[in-house]
Amino acid sequence: MTETQTVSPPTKRPVRQLLAASVGNAVEWYDWYAYTFLATYIAAQVFPASADNSLVPLLSTFAVFAVGFFMRPVGGLLMGAVADRHGRRAALTVTILLMGGSSLLVGLTPTYASVGVLAPVVLVLARLLQGLSVGGEFAASTTFLVESAGPGRRGLFSSFQYVSTTVGQLVASGIATLLVDSLSDGQMNGWGWRVPFVLGAVLSLVGFWIRQGAQETRSTEQQQAPRPGLFEALRRHPRESLLICGITAGGTIAYYTWTSYLPTYAELNAGLEKSDALLAGTISLAFFALLQPLGGLLSDRFGRRPLLLFFGLGFALLTVPLLHSLRDSFAVLLLVQCAGMVLLTGFTSISAAVNAEIFPPRVRAAGIGFPYSLTVALFGGTAPYVGTLFKELGHSGLFPWYVAVLCLLSSLVYLRLPETAHAPLRR
């Protein structure tokens with residue numbers, strides 16, 4: 001915690017820095033979440049149906065979703081190392097090109113009826129590449145955003161991590177809703193589900209172009225210093241790595257449950273129509289995006305820990321009653337989603353700042369990337385699979401308790417977390 005370095009302030013063009021990080025990040029996450037919103041269509045085309053259980057293809061699709069998550073720690077480690085060795089901008093360029101290629105591969109995945117087992121193999125490969133890209137994206141963009149912030153503005157800049165992520169989700173959800181409402185089931189199953197992924201590949205090129213104008217945030221001293229080893233962050237900072245795991249566990253399960261899996265959960269457990277569930281998700285995501293800068297500003301004034309405890313204890317107490325209140329009603333689902341979004345903002349709006357403030361600049365990107373992405377893979381990436389599995393086993397009521405317990409455990413970490421909001425960022 002003693003490393004201090006002089007740095008040329010990267011805040012001369014703060015709006016351009018935010019745009020470079022945010023646009024590319026939005027494109028990355030648009031590609032990633034399009035898969036979740038269209039999971040039921042992908043399941044029908046890429047996996048063989050079971051005569052005994054209609055949930056088997058959907059479970060297989062969510063299993064592939066989880067497989068992509070388990071590549072994220074590798075991406076966080078490798079792309080984080082690129083960011084620490086060669087610069088944040090170099091890593092951000094690599095990640096968005098990887099995402100564009102993998103999105104195109106998903107869009108061109110053949111059906112099981114046409115090529116058999118090769119279809120899920122191609123899909124798994126695409127998701128592995130997407131996982132590699134997204135893991136690296138979070139490590140690099142988190143570091144880039146927080147290092148671009150001026151004094152007393154790290155929380156605000158941090159909030160744009162999830163503003164842009166949510167915009168990506170919002171566009172993916174909106175396009176999925178538009179396609180479902182506009183096309184017949186036959187058209188959606190035939191070619192409609194492919195459209196968002198091909199579009200994602202095109203948008204990745206736009207993000208690549210915008211990021212070419214970004215300003216590097218690594219200090220001159222860091223650029224001239226010897227390059228850190230691949231596992232240096234884990235070896236020299238084990239406590240900080242474990243701290244990020246504890247901070248993230250509750251946040252990631254709540255985040256992926258509320259922003260990705262809830263429409264499917266409502267379909268399976270409350271009997272909502274697919275189009276209604278997607279529309280409620282789209283509206284609540286827009287509300288969520290608007291909340292993020294407010295959360296960031298509050299943390300810059302009052303500290304990180306109060307917001308984290310608001311999130312963690314709120315979800316520990318309210319997850320079970322909120323999810324159990326779901327029924328075949330669009331209005332109820334929308335209210336449940338928006339209530340969760342308010343609580344979730346206590347975590348999402350400041351997680352980038354909290355993570356970046358823990359590690360020194362020499363290994364900041366890799367130090368964040370690996371433990372964060374590993375925790376997300378273990379708890380966030382498996383959320384849709386675990387929720388669907390509980391349903392198949394006849395114990396769907398256990399899933400809300402699973403979410404609540406993880407949020408409670410993270411709250412215990414938040415209670416002992418040092419307050420870093422008003423301390424200078426180590427350069």
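Helices (H or I, at least four residues) and strands (E, at least two) are DSSP runs, numbered from the N terminus. By that rule, the protein chain of this predicted model has 20 helices and 0 strands. Residues are numbered from 1 along each chain as its sequence is written, and side-chain values use heavy atoms, with hydrogens and water left out. Because this is a predicted model, local features need pLDDT of at least 70 and side-chain atom pairs count only at pLDDT 80 or more, while totals for chains, interfaces and linings use all residues.

**Confidence**

- The mean pLDDT (the predictor's confidence in each residue, from 0 to 100) is 85 for the protein chain, and 93% of its residues reach 70 or more.
- Please take care with residues 1-10, where pLDDT stays under 50. For this stretch the model has 23 contacts (heavy atoms within 4.5 Å) beyond four places in sequence.

**Overall build**

- The C-alpha trace of the protein chain spans about 65 × 45 × 35 Å along its principal axes.
- The radius of gyration, taken over C-alpha atoms, is compared here with a globule rule of 2.2 Å times the number of residues to the power 0.38. For 427 residues a compact globule would come out near 22 Å, and the 20 Å of the protein chain agrees with that.
- Of the 427 residues, 60% count as buried; buried means under 20% relative accessible area, exposed over 50%, and partly exposed in between (1.4 Å probe, protein chains only).
- Among contacts with a separation of 6 or more, 88% come from residues 24 or more positions apart.
- The accessible surface of the protein chain comes to about 15700 Å², and 68% of it belongs to carbon and sulfur atoms. Accessible areas come from the Shrake-Rupley method with a 1.4 Å probe; for residues, only the protein chains shown count as cover.

**Nonpolar cores**

- A nonpolar core is a set of buried Ala, Val, Leu, Ile, Met, Phe, Trp, Tyr and Cys residues joined through side-chain atoms within 4.5 Å. The largest one has 88 residues, and Tyr-256, Leu-344 and Phe-399 have the most contacts inside it.
- Helix 13 (residues 238-270) gives the most to this core, with 13 residues.
- Leaving aside neighbours within four places in sequence, Tyr-256 is in contact with Trp-29, Trp-32, Tyr-33, Phe-69, Arg-72, Tyr-261, Val-376, Gly-380 and Ala-383.

**Salt bridges**

- The structure holds 9 salt bridges, each being a side-chain nitrogen of Lys or Arg within 4 Å of a carboxyl oxygen of Asp or Glu.
- A network of salt bridges links Asp-84, Arg-88, Glu-147 and Arg-364.
- Within this group, Asp-84 pairs with Arg-88, their closest N and O atoms being 2.9 Å apart, and both residues are buried.
- Arg-88 also forms a salt bridge with Glu-147, with 2.8 Å between the closest N and O atoms. This pair links distant parts of the chain, since Arg-88 sits in helix 5 (residues 88-107) and Glu-147 in helix 7 (residues 118-148), 59 residues apart.
- Arg-88 counts as buried because its relative accessibility is 1%, and Glu-147 does so at 3%.
- Glu-357 forms a salt bridge with Arg-154, the closest N and O atoms being 2.8 Å apart. Glu-357 lies in helix 17 (residues 351-358) and Arg-154 in helix 8 (residues 154-182), so the pair ties together parts that are 203 residues apart in sequence.
- Both Glu-357 and Arg-154 are buried.

- Thr-111 is found in the loop between helix 5 and helix 6 (112-115). With a relative accessible area of 17%, Thr-111 is buried, and beyond four places in sequence Thr-111 is in contact with Gln-45, Gly-116, Ala-119 and Arg-194.
- Val-180, in helix 8, is buried with a relative accessible area of 16%. Val-180 and Leu-278 are 98 residues apart in sequence and 9.2 Å apart in space, C-alpha to C-alpha.
- Leu-298, in helix 14 (residues 274-302), is partly exposed at a relative accessible area of 35%. Not counting residues up to four places away in sequence, Leu-298 touches Gly-303 and Leu-307.
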